[in-house]
Amino acid sequence: MHDHPELDTEDIPTNTSDNEHFQQVVERSVSRRRFLKSGIGLSAAMFLANPLGTRSATAAATGNTAASLLGFKAIPISTDDAIKIAPGYTATVFAPWGTPLFAGDPSWKADASDDAAAQARQVGDNHDGIHFFPIDGSSSEGLLVMNHEYTTVDKNRYVWLFGAADGEALTADKAAKAMNAHGVSVMHIARNATGKWEIKLDSRYNRRITAQSPMALTGPAAGHDLLKTHDDPTGTKVLGTFNNCGNGWTPWNTYLTCEENFNNYFGTASGTDSRDAAQKRYGLSAGRSEYGWEQFVDRFDYAKIPNESNRHGWIVEIDPFDPDSVPRKRTALGRIKHENAAYTLTADKRIVVYMGDDQRDDYVYKFVSDGAYQENGDNSRLLDAGKLFVAKFNDGATSGDFMGDGEWILLDKAANATLAADPRFASQAEVLIHTRLAADAVGATKMDRPEWVSVHPGSGEVYVTLTNNDKRIGTDDANPREKNIYGQILRWRESGADAAATRFEWDVFVLAGNPVKYTDRKNLKSGSSNITVDNTFNSPDGLAFDRDGRLWIQTDGKYSNSGDYEGQGNNQMLCADPVSKEIRRFLVGPKECEVTGIAFTPDSKTLFINVQHPGEAGNSHWPDGGSSIPRSATLIITKDDGGVIGT
């Protein structure tokens, strides 16, 4: 998800298949002139018809008509080392990296000299996906659960974790601290008598889940030989979760944390590249890993424990209301570089989870459970059995009409003839463990780094951010853009408005671009017509609908504010109206950060987002100012008049 200043493994494709790239589909189906003129991909008749063309029942009840869906005043770009937010709103810093979670623990040390044991009881580093679980429906008390994706590194050097002046070699103790800075935090939070949010330090719910926490592998792949190791001959018990990027949640109040760039933690000190085809396809390093853990812990050395990496890259389900519960890696959802997980229900109440694989030239997936969701029933095994699909995007019956269609290809060893005949997959378990290879085999469409997915609360349309692809070449007159440095947001509608469908129709909701730099609107680098000099942005990443159908967009891109990125400033958060397609800038983050994670209280009057890796290249002191070490932190956003966010 993150864009390192020097290294971004998501930008290095490992997909060597001959599968068609999504851009080739767009080239055939979109006319350059008409795309720019209208600013939309699909015809209005498809995507602006009911129910998306009307507001959700909730929006209607709150009086948010088409003219007022975006009720805030847009703000300009910023390059300051500070939070900028729309007038009438306040953003309060909360729970930065190192904040104690338990009563009696000392405060975080300003020189970052806390040891591994302390870090295991503190809020982790580089906050990402986040969700608020209300207690008894309250908007003033609940469990705030968030991911800690990684620790900032540059050329194998930890930038901030051990202090600004640290220049010593990595040690076993330092590696242990790094492991404890990863994972998930569960925080019991509540408003105090003055209305300020606080962590309840004496709560039994407070919990840290790290790269060393015991977990269970469940579902069809659990117990397979490819998941067995010397320490776990059953193939069902694994230590840790790490590189937890975006997130999801379920209607039965569990948290889904998504393991993304797990490959960065596996390397070898053997001096020999012994990676097999699957390890290369998942991007394991030929030599030393980015984080260096394999120097001290054998399971991260793929030459010593070759199956360990197969035990990561899953979606992990966590019950935040049971602090004694063991997190479960749900293998039925496939093993990829999971960005986030967006759920919806089919017409017959089965659970659907949409997922993106965040690497250039990888795919979009969905899982459909076999069993139906039971309100107030036992749904604890619902994610252990179902069908996994991968998307193929087609240009449809007519070219040049902004319209495409697509199909969901079933990744099933028995039911898919291609996989049934492929000797690389002896069982469905191997299809799930090597999901990328299976998707290659069935001809899925290569995408430009699929990131967050979100489902419209009224219409059921599905939106996905494709953050960028600056390596793509080869266009013709109908191609929207060569060397896609700005990214886009794609959306689709399932056939029959049922998430269980195996066919869909798609369009491009917005083509990000820079009309400040490229003033000729016939140049596709200027973006689609709903991109203006006032809302220009690059690399859409975080994505979520609120209850009224506003689409919140967060960016994780280039913040140089120069060259191709002139006039785009620091990374930001914007809001879009899915009907009018208007986009306004709502918030801008501090220097060198990513804006990520979106969660609301039930009354939609409090918004939680995260500021990740401020000062990743050494040029920030946010949020504490002065000469302090920068720290990732949560922002609690409220409207000054106490109203609903976005109005």
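**Aromatic pairs**

Mentor: The structure holds 36 aromatic pairs, a pair being rings of Phe, Tyr or Trp (its six-membered ring) with centres within 6.5 Å. This is a predicted model: local features need pLDDT of at least 70 and side-chain atom pairs 80 or more, while totals for chains, interfaces and linings use all residues. Residues are numbered from 1 along each chain as its sequence is written, and side-chain values use heavy atoms, without hydrogens and water.

Trainee: How are Trp-492 and Phe-504 placed, then?

Mentor: Their ring centres are 6.0 Å apart and their planes at 50 degrees, so the pair is tilted (under 30 degrees is stacked, over 60 edge-to-face, the rest tilted).

Trainee: Which strands do Trp-492 and Phe-504 lie in?

Mentor: Trp-492 is in β25 (residues 488-494) and Phe-504 in β26 (residues 503-511), so the pair ties together parts 12 residues apart in sequence. Strands are DSSP runs of E, at least two residues, numbered from the N terminus.

Trainee: Is Trp-492 buried or exposed?

Mentor: Trp-492 is buried, at 1% relative accessibility; Phe-504 is also buried, with a relative accessible area of 1%. Buried means under 20% relative accessible area, with a 1.4 Å probe and protein chains only.

Trainee: New topic. What is the mean pLDDT of the chain?

Mentor: The mean is 91, and 89% of the residues reach 70 or more. pLDDT is the predictor's confidence in each residue, from 0 to 100.

Trainee: Where does pLDDT stay under 50?

Mentor: Residues 48-66 are one such stretch, with 40 contacts beyond four places in sequence in the model. Contact means heavy atoms within 4.5 Å.

Note on methods. Helices (H or I, at least four residues) and strands (E, at least two) are DSSP runs, numbered from the N terminus. Buried means under 20% relative accessible area, exposed over 50%, partly exposed in between (1.4 Å probe, protein chains only).
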